[in-house]
Amino acid sequence: ASGDSVSLYNTDPSRNLTIALSGLPGFQETQHTLISGEDPQKGTRYVRKLQIRDTTSKRTLTLSVDPTEPVEGSRIISLFCPYWLVNNSQLVLHYRAPTEKNEDAVGVVNSNDKTNIGFPYLHSEDKLLLRVGHGTGHNDALSGWSKAFPLTTVGATGALEIPEINKRCLYGLKAHIALASGKFQRTKVVTFTPRFVLVNHMTVPLRVKQINRDASNKQKEEAQHNDNPSSAEKKEKKPA
């Protein structure tokens, strides 16, 4: 299970050690070489990266391997994913790595889908592209892709503005980066939330409507027109 450890008592360091990865949502079980024998001069040869392929979106995920020796002669090999992406935005978010050449290699997470609770989206690259969708299909996009933004700085909080496809409005999100706790401290958790949240503390229900850029500009023009009436209007207001 996640976070558990297994002790190996019958392993020959001069031979390859192979492990099977299974139980990752969207990924089939695969086998990987974790230790590729032992070099007389350099010691044990560890594999530092394991690549697996998502069977649905065809994206590539690279897991990291961290070998340590806290006590001489006792080696601990930790396998972890560099980033967990958590969608608390109440939107459907599409994720893609900037280096991914296949534009269909998109991960989709619906924050309103209760089946996603407890399963963060796994990501392995230091940068990310983000867009808003209206469904879980890879082509169900409501916005264009955001600019690539870094995920490496722990404690960082930033605002993301993603233009709607027709550029009539912007989706405003906030991203926060933190270290996972306990055994998962090698992983960074990136949480996406709405940039603004309106809370109604009134005793009556309120109707809220978001206006797009075009409507906003139109209102500004009307306000300027009311503040600066034409010369014809000014003449009509003069007393006879």
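Me: Why is Asp 66 called partly exposed?

Reply: Asp 66 has 24% relative accessibility. Buried means under 20% relative accessible area, exposed over 50%, and partly exposed in between (1.4 Å probe, protein chains only). The value falls in between, so Asp 66 counts as partly exposed. This is a predicted model, in which local features need pLDDT of at least 70 and side-chain atom pairs count only at pLDDT 80 or more, while totals for chains, interfaces and linings use all residues. Residues are numbered from 1 along each chain as its sequence is written, and side-chain values use heavy atoms, with hydrogens and water left out.

Me: What makes Asp 66 and Arg 186 a salt bridge?

Reply: The term requires a side-chain nitrogen of Lys or Arg within 4 Å of a carboxyl oxygen of Asp or Glu. For Asp 66 and Arg 186 the N to O value is 2.8 Å, so the pair meets the rule. Arg 186, at 31% relative accessibility, also counts as partly exposed.

Me: Why is this pair said to tie parts of the chain together?

Reply: Asp 66 lies in strand β5 (residues 60-71) and Arg 186 in the loop between β14 (170-179) and β15, so the pair ties together parts that are 120 residues apart in sequence. Helices (H or I, at least four residues) and strands (E, at least two) are DSSP runs, numbered from the N terminus.

Me: How many salt bridges does the rule give?

Reply: The count comes to 3. Among them is the pair of Arg 195 and Glu 161, at 3.2 Å, N to O. Arg 195 is in the loop between β15 and α1 and Glu 161 in strand β13 (residues 157-163), 34 residues apart. Arg 195 has 36% relative accessibility and counts as partly exposed; Glu 161, at 49%, counts as partly exposed too.

Me: Are Asp 54 and Arg 59 buried or exposed?

Reply: Asp 54 has a relative accessible area of 8%, so Asp 54 is buried. Arg 59 has 9% relative accessibility and therefore counts as buried. Their side chains meet in a salt bridge at 3.5 Å, N to O.

Me: Why is Gln 90 called exposed?

Reply: Gln 90 has a relative accessible area of 59%, so Gln 90 is exposed. Its place is in the loop between β7 (83-87) and β8. Phi of Gln 90 is near 65 degrees, a positive value in a residue other than glycine.

Me: Is Thr 99 buried or exposed?

Reply: Thr 99 is exposed, because its relative accessible area is 53%. Thr 99 lies in the loop between β8 (92-96) and β9 (107-110). Its C-alpha atom is separated by 9.8 Å from that of Leu 129, 30 residues apart along the chain.

Me: Why is Met 202 called exposed?

Reply: The relative accessible area of Met 202 is 55%, so Met 202 is exposed. Met 202 lies in the loop between β15 (188-194) and α1 (213-227).

Me: What does β6 give to the lining of the largest pocket?

Reply: β6 gives the most, with 7 residues.
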